[in-house]
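Colleague: I would like to learn how to read the features of a structure like this one. Could we go through them in turn?

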Amino acid sequence: MTRSTLWRQEVTKLEAYVPGKSIEEVQKQYGLSEITRLASNENPYGPSPKAIDAMNAAAADSHLYPEPTSAELRGKLGTLYGVDPSQVLVSNGADNVLMLIGQAYVNPGDEVVYCVPTFSVYRTSTVVMGGVPIEVPLTGDYKFDLDGMLAAVTERTKLIYLCNPNNPTGTIVDCAALEEFLKKVPPRVVVVLDEAYGEFIDVPSYKTGAEYVREGYPVISVHTFSKLYGLAAMRVGYAIANPDVLAPVLAVREPFPVSRMANSAAAASLDDTEYREFILRTNREGLAYLSEQLRQMNVGVNPSYSNFLFADLHRDAAPVVEALMKAGYIVRPCKSWGYPEHIRITVGSPDQNKGFIEALRTILEA
Ligand SMILES: Cc1ncc(COP(=O)(O)O)c(C=O)c1O
(Lines give C-alpha, C1' and ligand atoms only; values in the text may rest on other atoms or scores of the structure.)
Protein backbone atom coordinates (compact mmCIF):
# COMPACT_ATOMS: atom_id res chain seq x y z
CA MET A 1 0.00 0.00 0.00
CA THR A 2 1.54 3.31 -1.02
CA ARG A 3 0.49 6.79 -0.08
CA SER A 4 -0.61 7.68 -3.58
CA THR A 5 -2.87 4.74 -4.48
CA LEU A 6 -5.46 4.48 -1.71
CA TRP A 7 -5.28 7.87 -0.05
CA ARG A 8 -7.32 10.79 -1.28
CA GLN A 9 -5.02 12.81 -3.51
CA GLU A 10 -5.35 15.92 -1.35
CA VAL A 11 -4.23 14.02 1.74
CA THR A 12 -0.92 13.05 0.11
CA LYS A 13 -0.04 16.77 0.14
CA LEU A 14 -0.37 16.96 3.93
CA GLU A 15 1.80 15.91 6.84
CA ALA A 16 0.52 15.08 10.32
CA TYR A 17 0.70 18.07 12.68
CA VAL A 18 3.92 18.02 14.69
CA PRO A 19 3.16 19.44 18.14
CA GLY A 20 5.74 20.93 20.47
CA LYS A 21 7.42 18.46 22.85
CA SER A 22 5.19 17.28 25.68
CA ILE A 23 6.14 17.80 29.31
CA GLU A 24 6.18 14.01 29.83
CA GLU A 25 8.53 13.49 26.84
CA VAL A 26 11.04 16.08 28.07
CA GLN A 27 10.85 14.79 31.67
CA LYS A 28 11.73 11.30 30.46
CA GLN A 29 14.40 12.39 27.97
CA TYR A 30 16.35 14.53 30.45
CA GLY A 31 15.43 12.82 33.72
CA LEU A 32 13.92 16.03 35.11
CA SER A 33 11.12 16.18 37.64
CA GLU A 34 10.04 19.76 36.97
CA ILE A 35 9.37 21.14 33.51
CA THR A 36 7.99 24.53 32.51
CA ARG A 37 6.35 24.58 29.10
CA LEU A 38 6.43 28.02 27.50
CA ALA A 39 5.85 26.56 24.04
CA SER A 40 2.12 26.17 23.43
CA ASN A 41 0.68 29.54 24.48
CA GLU A 42 -1.20 27.91 27.34
CA ASN A 43 -2.44 29.81 30.36
CA PRO A 44 0.08 29.28 33.22
CA TYR A 45 -2.59 29.62 35.93
CA GLY A 46 -5.01 26.89 34.85
CA PRO A 47 -8.78 27.34 34.54
CA SER A 48 -10.90 29.65 36.65
CA PRO A 49 -11.96 28.00 39.95
CA LYS A 50 -15.55 28.54 38.77
CA ALA A 51 -14.81 26.49 35.65
CA ILE A 52 -13.32 23.67 37.76
CA ASP A 53 -16.44 23.59 39.95
CA ALA A 54 -18.63 23.52 36.84
CA MET A 55 -16.63 20.64 35.33
CA ASN A 56 -16.87 18.65 38.56
CA ALA A 57 -20.63 19.16 38.65
CA ALA A 58 -21.04 18.18 34.98
CA ALA A 59 -18.89 15.03 35.29
CA ALA A 60 -21.70 13.08 36.95
CA ASP A 61 -23.85 13.49 33.82
CA SER A 62 -21.19 12.12 31.48
CA HIS A 63 -23.41 9.17 30.52
CA LEU A 64 -25.80 11.64 28.81
CA TYR A 65 -25.06 13.20 25.45
CA PRO A 66 -24.32 16.89 25.81
CA GLU A 67 -26.84 19.57 24.95
CA PRO A 68 -26.00 19.69 21.23
CA THR A 69 -26.28 23.41 20.48
CA SER A 70 -24.29 24.78 23.45
CA ALA A 71 -27.32 27.02 24.02
CA GLU A 72 -26.30 28.43 27.41
CA LEU A 73 -22.77 29.23 26.24
CA ARG A 74 -23.98 30.77 22.97
CA GLY A 75 -26.40 32.93 24.93
CA LYS A 76 -23.57 34.25 27.11
CA LEU A 77 -21.28 34.82 24.13
CA GLY A 78 -24.10 36.63 22.33
CA THR A 79 -24.45 38.99 25.30
CA LEU A 80 -20.66 39.49 25.53
CA TYR A 81 -20.30 40.43 21.86
CA GLY A 82 -23.66 42.11 21.29
CA VAL A 83 -24.83 39.55 18.72
CA ASP A 84 -27.79 37.18 18.58
CA PRO A 85 -26.99 33.61 19.78
CA SER A 86 -27.92 32.43 16.27
CA GLN A 87 -24.76 34.25 15.12
CA VAL A 88 -22.56 32.05 17.34
CA LEU A 89 -21.42 28.49 16.58
CA VAL A 90 -19.54 26.50 19.24
CA SER A 91 -17.41 23.49 18.39
CA ASN A 92 -14.56 21.25 19.47
CA GLY A 93 -11.78 23.87 19.66
CA ALA A 94 -10.87 26.64 17.20
CA ASP A 95 -8.86 24.07 15.20
CA ASN A 96 -12.07 22.21 14.53
CA VAL A 97 -13.93 25.45 13.67
CA LEU A 98 -11.20 26.28 11.09
CA MET A 99 -11.45 22.80 9.55
CA LEU A 100 -15.25 23.16 9.37
CA ILE A 101 -14.86 26.50 7.57
CA GLY A 102 -12.71 24.75 4.93
CA GLN A 103 -15.30 21.96 4.57
CA ALA A 104 -18.10 24.50 4.29
CA TYR A 105 -16.53 26.82 1.73
CA VAL A 106 -13.63 25.35 -0.27
CA ASN A 107 -14.31 23.54 -3.56
CA PRO A 108 -11.45 21.90 -5.49
CA GLY A 109 -9.50 24.66 -7.22
CA ASP A 110 -10.80 27.45 -4.99
CA GLU A 111 -8.11 29.80 -3.77
CA VAL A 112 -7.55 30.73 -0.14
CA VAL A 113 -5.34 33.71 0.68
CA TYR A 114 -3.35 34.20 3.88
CA CYS A 115 -0.04 35.66 5.02
CA VAL A 116 2.94 33.54 6.06
CA PRO A 117 4.29 32.69 8.54
CA THR A 118 1.01 32.00 10.31
CA PHE A 119 -1.06 29.28 11.96
CA SER A 120 -0.68 26.00 10.03
CA VAL A 121 -4.34 24.93 10.10
CA TYR A 122 -5.35 27.43 7.35
CA ARG A 123 -3.22 25.48 4.90
CA THR A 124 -4.47 22.09 6.13
CA SER A 125 -8.15 23.04 5.96
CA THR A 126 -7.62 24.37 2.41
CA VAL A 127 -5.47 21.59 0.96
CA VAL A 128 -7.60 18.76 2.36
CA MET A 129 -10.56 20.11 0.39
CA GLY A 130 -8.57 20.41 -2.85
CA GLY A 131 -8.24 24.18 -2.46
CA VAL A 132 -5.19 26.17 -3.48
CA PRO A 133 -3.36 28.07 -0.73
CA ILE A 134 -2.12 31.49 -1.88
CA GLU A 135 0.57 32.50 0.59
CA VAL A 136 1.64 36.15 0.82
CA PRO A 137 4.79 36.87 2.88
CA LEU A 138 4.52 39.20 5.88
CA THR A 139 6.32 42.53 5.51
CA GLY A 140 9.88 42.99 6.85
CA ASP A 141 8.57 44.09 10.25
CA TYR A 142 6.31 41.02 10.47
CA LYS A 143 3.11 42.92 9.65
CA PHE A 144 0.39 41.73 7.28
CA ASP A 145 0.88 42.81 3.68
CA LEU A 146 -2.76 43.81 3.19
CA ASP A 147 -2.11 45.30 -0.27
CA GLY A 148 -0.30 42.12 -1.26
CA MET A 149 -3.25 40.06 -0.04
CA LEU A 150 -5.72 42.21 -1.98
CA ALA A 151 -3.56 41.88 -5.10
CA ALA A 152 -3.65 38.09 -4.64
CA VAL A 153 -7.48 37.98 -4.77
CA THR A 154 -8.84 36.52 -8.04
CA GLU A 155 -12.26 35.24 -9.19
CA ARG A 156 -11.27 31.88 -7.65
CA THR A 157 -10.70 33.35 -4.17
CA LYS A 158 -13.14 31.94 -1.65
CA LEU A 159 -11.60 32.74 1.73
CA ILE A 160 -9.03 35.06 3.27
CA TYR A 161 -7.52 34.18 6.66
CA LEU A 162 -6.12 36.85 8.95
CA CYS A 163 -4.63 35.62 12.21
CA ASN A 164 -5.00 38.63 14.48
CA PRO A 165 -2.80 38.68 16.60
CA ASN A 166 -0.69 36.52 14.35
CA ASN A 167 0.79 33.24 15.53
CA PRO A 168 3.87 33.09 15.66
CA THR A 169 4.77 36.81 15.35
CA GLY A 170 2.32 38.33 17.88
CA THR A 171 1.61 41.26 15.54
CA ILE A 172 -1.80 42.78 14.85
CA VAL A 173 -3.34 44.50 11.88
CA ASP A 174 -3.76 48.22 12.41
CA CYS A 175 -7.46 48.76 13.14
CA ALA A 176 -8.06 51.48 10.52
CA ALA A 177 -6.10 49.50 7.90
CA LEU A 178 -8.21 46.42 8.62
CA GLU A 179 -11.39 48.38 8.11
CA GLU A 180 -10.11 49.76 4.78
CA PHE A 181 -9.09 46.24 3.77
CA LEU A 182 -12.54 44.82 4.55
CA LYS A 183 -14.13 47.55 2.42
CA LYS A 184 -11.92 46.62 -0.55
CA VAL A 185 -12.36 42.82 -0.37
CA PRO A 186 -15.03 41.69 -2.88
CA PRO A 187 -18.22 40.90 -0.91
CA ARG A 188 -18.31 37.32 -2.31
CA VAL A 189 -15.08 36.53 -0.37
CA VAL A 190 -15.39 35.50 3.28
CA VAL A 191 -12.73 36.94 5.61
CA VAL A 192 -11.88 34.69 8.56
CA LEU A 193 -10.45 36.69 11.46
CA ASP A 194 -8.75 34.18 13.72
CA GLU A 195 -8.86 35.94 17.09
CA ALA A 196 -7.58 33.05 19.21
CA TYR A 197 -5.42 35.66 21.00
CA GLY A 198 -7.75 38.60 20.37
CA GLU A 199 -8.62 39.11 24.04
CA PHE A 200 -4.98 39.94 24.79
CA ILE A 201 -4.92 42.96 22.45
CA ASP A 202 -4.27 45.86 24.80
CA VAL A 203 -5.30 48.74 22.57
CA PRO A 204 -8.37 50.52 24.00
CA SER A 205 -9.98 51.53 20.69
CA TYR A 206 -9.35 48.20 18.97
CA LYS A 207 -12.41 46.69 17.26
CA THR A 208 -13.24 43.01 17.66
CA GLY A 209 -14.24 40.84 14.71
CA ALA A 210 -17.76 40.68 16.15
CA GLU A 211 -18.10 44.41 15.49
CA TYR A 212 -17.41 43.85 11.79
CA VAL A 213 -19.99 41.05 11.84
CA ARG A 214 -22.51 43.47 13.39
CA GLU A 215 -21.72 45.98 10.63
CA GLY A 216 -22.67 43.33 8.05
CA TYR A 217 -19.27 42.35 6.65
CA PRO A 218 -18.91 38.72 5.46
CA VAL A 219 -16.50 38.06 8.33
CA ILE A 220 -16.17 34.95 10.53
CA SER A 221 -14.55 35.79 13.85
CA VAL A 222 -12.94 32.69 15.38
CA HIS A 223 -12.14 32.39 19.10
CA THR A 224 -11.01 29.81 21.62
CA PHE A 225 -11.27 29.07 25.33
CA SER A 226 -7.77 27.51 25.20
CA LYS A 227 -5.77 30.68 25.82
CA LEU A 228 -7.21 33.46 28.02
CA TYR A 229 -9.56 31.04 29.79
CA GLY A 230 -7.01 28.25 30.34
CA LEU A 231 -9.24 25.48 28.98
CA ALA A 232 -6.97 24.02 26.27
CA ALA A 233 -7.70 20.44 27.34
CA MET A 234 -11.47 20.98 27.19
CA ARG A 235 -11.40 21.87 23.45
CA VAL A 236 -13.91 24.70 23.07
CA GLY A 237 -13.78 27.16 20.18
CA TYR A 238 -16.42 29.31 18.55
CA ALA A 239 -17.23 31.35 15.48
CA ILE A 240 -19.25 34.55 15.23
CA ALA A 241 -20.77 35.45 11.86
CA ASN A 242 -24.01 36.45 10.27
CA PRO A 243 -26.48 33.57 9.83
CA ASP A 244 -26.05 33.31 6.03
CA VAL A 245 -22.24 33.06 6.44
CA LEU A 246 -22.49 30.65 9.38
CA ALA A 247 -25.16 28.31 7.92
CA PRO A 248 -22.81 26.10 5.83
CA VAL A 249 -20.38 25.80 8.76
CA LEU A 250 -23.24 24.64 11.00
CA ALA A 251 -24.28 22.15 8.31
CA VAL A 252 -20.94 20.31 8.50
CA ARG A 253 -20.51 20.43 12.29
CA GLU A 254 -20.69 17.04 14.03
CA PRO A 255 -23.81 16.35 16.14
CA PHE A 256 -22.23 16.56 19.62
CA PRO A 257 -18.84 18.27 19.29
CA VAL A 258 -18.65 19.86 22.76
CA SER A 259 -18.77 17.71 25.91
CA ARG A 260 -20.92 18.56 28.93
CA MET A 261 -17.84 19.38 31.01
CA ALA A 262 -16.48 21.62 28.26
CA ASN A 263 -19.76 23.49 27.75
CA SER A 264 -20.15 24.06 31.50
CA ALA A 265 -16.52 25.09 32.03
CA ALA A 266 -16.61 27.62 29.20
CA ALA A 267 -19.91 29.14 30.38
CA ALA A 268 -18.66 29.42 33.98
CA SER A 269 -15.39 31.03 32.81
CA LEU A 270 -17.30 33.86 31.17
CA ASP A 271 -18.86 34.68 34.56
CA ASP A 272 -15.48 35.00 36.27
CA THR A 273 -14.49 38.56 35.34
CA GLU A 274 -12.06 38.77 38.27
CA TYR A 275 -10.09 35.79 36.91
CA ARG A 276 -10.14 37.26 33.41
CA GLU A 277 -8.77 40.61 34.65
CA PHE A 278 -6.07 38.82 36.64
CA ILE A 279 -4.91 36.83 33.61
CA LEU A 280 -4.86 39.91 31.37
CA ARG A 281 -2.94 41.97 33.94
CA THR A 282 -0.32 39.32 34.69
CA ASN A 283 0.10 38.67 30.96
CA ARG A 284 0.70 42.37 30.34
CA GLU A 285 3.27 42.48 33.15
CA GLY A 286 4.91 39.26 31.95
CA LEU A 287 5.19 40.54 28.37
CA ALA A 288 6.84 43.75 29.60
CA TYR A 289 9.25 41.87 31.88
CA LEU A 290 10.28 39.29 29.28
CA SER A 291 10.64 41.90 26.50
CA GLU A 292 12.87 44.09 28.66
CA GLN A 293 15.05 41.21 29.87
CA LEU A 294 15.42 39.75 26.38
CA ARG A 295 16.41 43.11 24.90
CA GLN A 296 19.08 43.46 27.59
CA MET A 297 20.50 40.16 26.27
CA ASN A 298 20.49 41.54 22.71
CA VAL A 299 17.68 39.22 21.72
CA GLY A 300 15.43 40.86 19.11
CA VAL A 301 11.86 41.15 20.37
CA ASN A 302 8.89 42.00 18.26
CA PRO A 303 6.15 44.02 20.04
CA SER A 304 3.51 41.44 20.93
CA TYR A 305 -0.25 41.84 21.40
CA SER A 306 -0.75 38.25 22.56
CA ASN A 307 0.44 35.91 25.31
CA PHE A 308 3.71 35.02 23.58
CA LEU A 309 6.84 36.63 22.14
CA PHE A 310 8.58 36.03 18.82
CA ALA A 311 12.26 36.41 19.69
CA ASP A 312 15.26 36.61 17.37
CA LEU A 313 18.33 35.01 18.94
CA HIS A 314 20.53 36.14 15.99
CA ARG A 315 22.05 32.64 15.92
CA ASP A 316 20.89 29.09 15.21
CA ALA A 317 18.12 28.56 17.76
CA ALA A 318 18.29 24.73 17.76
CA PRO A 319 21.17 24.31 20.27
CA VAL A 320 19.66 26.99 22.52
CA VAL A 321 16.27 25.24 22.48
CA GLU A 322 18.00 21.98 23.35
CA ALA A 323 19.98 23.57 26.21
CA LEU A 324 16.81 25.22 27.54
CA MET A 325 15.11 21.82 27.59
CA LYS A 326 17.97 20.36 29.61
CA ALA A 327 17.42 23.23 32.04
CA GLY A 328 13.70 22.37 32.23
CA TYR A 329 12.19 24.99 29.86
CA ILE A 330 10.34 24.10 26.66
CA VAL A 331 10.00 26.89 24.09
CA ARG A 332 8.87 26.68 20.48
CA PRO A 333 11.57 26.68 17.79
CA CYS A 334 10.43 28.61 14.68
CA LYS A 335 12.39 26.73 12.00
CA SER A 336 9.22 25.12 10.61
CA TRP A 337 7.92 28.64 9.89
CA GLY A 338 11.16 29.50 8.07
CA TYR A 339 12.81 31.30 11.01
CA PRO A 340 15.67 29.08 12.27
CA GLU A 341 17.05 31.85 14.51
CA HIS A 342 13.73 32.63 16.25
CA ILE A 343 11.95 31.06 19.20
CA ARG A 344 8.38 31.62 20.39
CA ILE A 345 8.06 32.05 24.14
CA THR A 346 4.75 31.87 25.99
CA VAL A 347 4.35 34.31 28.88
CA GLY A 348 4.39 32.25 32.08
CA SER A 349 3.82 33.12 35.72
CA PRO A 350 6.33 35.62 37.24
CA ASP A 351 8.39 32.75 38.71
CA GLN A 352 8.40 30.84 35.43
CA ASN A 353 9.40 33.96 33.48
CA LYS A 354 12.23 34.73 35.89
CA GLY A 355 13.51 31.14 35.83
CA PHE A 356 13.39 31.08 32.04
CA ILE A 357 15.32 34.36 31.73
CA GLU A 358 18.00 33.11 34.13
CA ALA A 359 18.33 29.83 32.19
CA LEU A 360 18.53 31.63 28.84
CA ARG A 361 21.10 34.14 30.14
CA THR A 362 23.32 31.31 31.38
CA ILE A 363 23.05 29.54 28.01
CA LEU A 364 23.71 32.64 25.90
CA GLU A 365 26.70 33.66 28.04
CA ALA A 366 28.28 30.20 27.92
C1 LIG B 1 -3.98 31.28 15.92
C2 LIG B 1 -4.60 30.06 16.49
N3 LIG B 1 -5.83 29.71 16.09
C4 LIG B 1 -6.44 28.63 16.58
C5 LIG B 1 -5.82 27.83 17.52
C6 LIG B 1 -6.51 26.58 17.98
O7 LIG B 1 -7.08 26.73 19.23
P8 LIG B 1 -7.87 25.54 19.92
O9 LIG B 1 -7.05 25.11 21.08
O10 LIG B 1 -9.18 26.13 20.34
O11 LIG B 1 -8.07 24.47 18.89
C12 LIG B 1 -4.55 28.15 17.97
C13 LIG B 1 -3.86 27.29 18.96
O14 LIG B 1 -2.75 27.42 19.28
C15 LIG B 1 -3.91 29.29 17.43
O16 LIG B 1 -2.67 29.63 17.79
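This is a predicted model: local features need pLDDT of at least 70, side-chain atom pairs count only at pLDDT 80 or more; totals for chains, interfaces and linings use all residues.

Colleague: Let us begin with the rings. What describes a pair of aromatic rings?

Modeller: Such a pair is described by how far apart the ring centres are and by the angle between the planes. In this structure there are 14 aromatic pairs. One of them is formed by Tyr65 and Phe256, which are stacked, with 4.6 Å centre to centre and 25 degrees between the planes. The angle counts as stacked because it is under 30 degrees.

Colleague: Where in the chain do Tyr65 and Phe256 lie?

Modeller: Tyr65 is in the loop between helix 3 (49–59) and helix 4 (71–81), while Phe256 is in the loop between helix 10 (243–252) and helix 11 (260–271). The two are 191 residues apart, and their pair links distant parts of the chain. Tyr65 counts as exposed, at 62% relative accessibility. Phe256 is partly exposed, with a relative accessible area of 39%.

Colleague: How is the pair of Tyr212 and Tyr217 arranged, and are these residues buried or exposed?

Modeller: The Tyr212 and Tyr217 pair is edge-to-face, with 6.0 Å centre to centre and 70 degrees between the planes. Both Tyr212 and Tyr217 are buried.

Colleague: Which residues do ring pairs link into a cluster?

Modeller: The cluster consists of Tyr81, Phe225, Tyr229 and Tyr238.

Colleague: Which charged end sits over the ring of Phe308?

Modeller: That is the charged end of Arg344, 5.7 Å from the centre of the Phe308 ring.

Colleague: Now the ligand. How many residues surround it, and which are the closest?

Modeller: The ligand is surrounded by 13 residues, and the closest are Ala94, Asp194, Thr224, Ser226 and Arg235. By class, this shell has five nonpolar, four polar and four charged residues. Helix 5 (residues 93–105) gives the most to the shell, with three residues.

Colleague: Which side chains place a polar atom by an oxygen atom of the ligand?

Modeller: Among them is Thr224, with a polar side-chain atom 2.6 Å from a ligand oxygen. For Asn167 the corresponding distance is 2.8 Å, and for Lys227 it is 2.9 Å. As for cover, the ligand has 400 Å² of accessible area on its own, and the protein covers 92% of that.

Colleague: Arg235 came up in the shell. What about the backbone there?

Modeller: Arg235 has a positive phi of about 60 degrees, although it is not a glycine. Arg235 lies in the loop between strand 7 (219–224) and strand 8 (237–240), and it is partly exposed, with a relative accessible area of 28%. Asn298 also has a positive phi, near 60 degrees, and is a residue other than glycine. Asn298 is in the loop between helix 12 and strand 9 and counts as exposed, at 62% relative accessibility.

Colleague: Which residues are joined by a cis peptide bond?

Modeller: Val116 and Pro117 are joined by one, with omega about 5 degrees. Pro117 is in the loop between strand 3 (111–116) and helix 6 (121–127). Asn167 and Pro168 are joined by another, with omega about 25 degrees. Pro168 is in the loop between strand 5 (157–163) and helix 8 (175–184). Asn167 is also the residue with a polar side-chain atom 2.8 Å from a ligand oxygen.

Colleague: Turning to serines, where is Ser304, and what does its side chain contact?

Modeller: Ser304 is in the loop between strand 9 (300–301) and strand 10 (308–312). Its side chain makes a polar contact with the side chain of Ser306, at 2.8 Å. A polar atom of the Ser304 side chain also lies 2.5 Å from the backbone oxygen of Phe308.

Colleague: Why does Ser304 count as buried?

Modeller: Ser304 counts as buried because its relative accessible area is 15%, and the cut-off is under 20%. Ser269, in helix 11, is buried with a relative accessible area of 1%. Ser4 lies in helix 1 (residues 3–6) and is exposed, with a relative accessible area of 58%.

Technical notes
Residues are numbered from 1 along each chain as its sequence is written. Side-chain values use heavy atoms; hydrogens and water are left out. Rings of Phe, Tyr and Trp (its six-membered ring) pair if their centres lie within 6.5 Å; planes under 30 degrees apart count as stacked, over 60 as edge-to-face and the rest as tilted. Helices (H or I, at least four residues) and strands (E, at least two) are DSSP runs, numbered from the N terminus. Buried means under 20% relative accessible area, exposed over 50%, partly exposed in between (1.4 Å probe, protein chains only). A charge sits over a ring if NZ of Lys or CZ of Arg is within 6 Å of the ring centre and within 35 degrees of the ring normal. A residue is near a molecule or strand if one of its heavy atoms lies within 4 Å of it. A polar contact is a pair of N or O atoms within 3.5 Å; within protein, one must be able to donate a hydrogen and the other to accept it, and residues adjacent in sequence count only if both atoms are side-chain atoms. Accessible areas come from the Shrake-Rupley method with a 1.4 Å probe; for residues, only the protein chains shown count as cover. Ala, Val, Leu, Ile, Met, Phe, Trp, Tyr, Cys and Pro count as nonpolar, Asp, Glu, Lys and Arg as charged, and the others, Gly among them, as polar.
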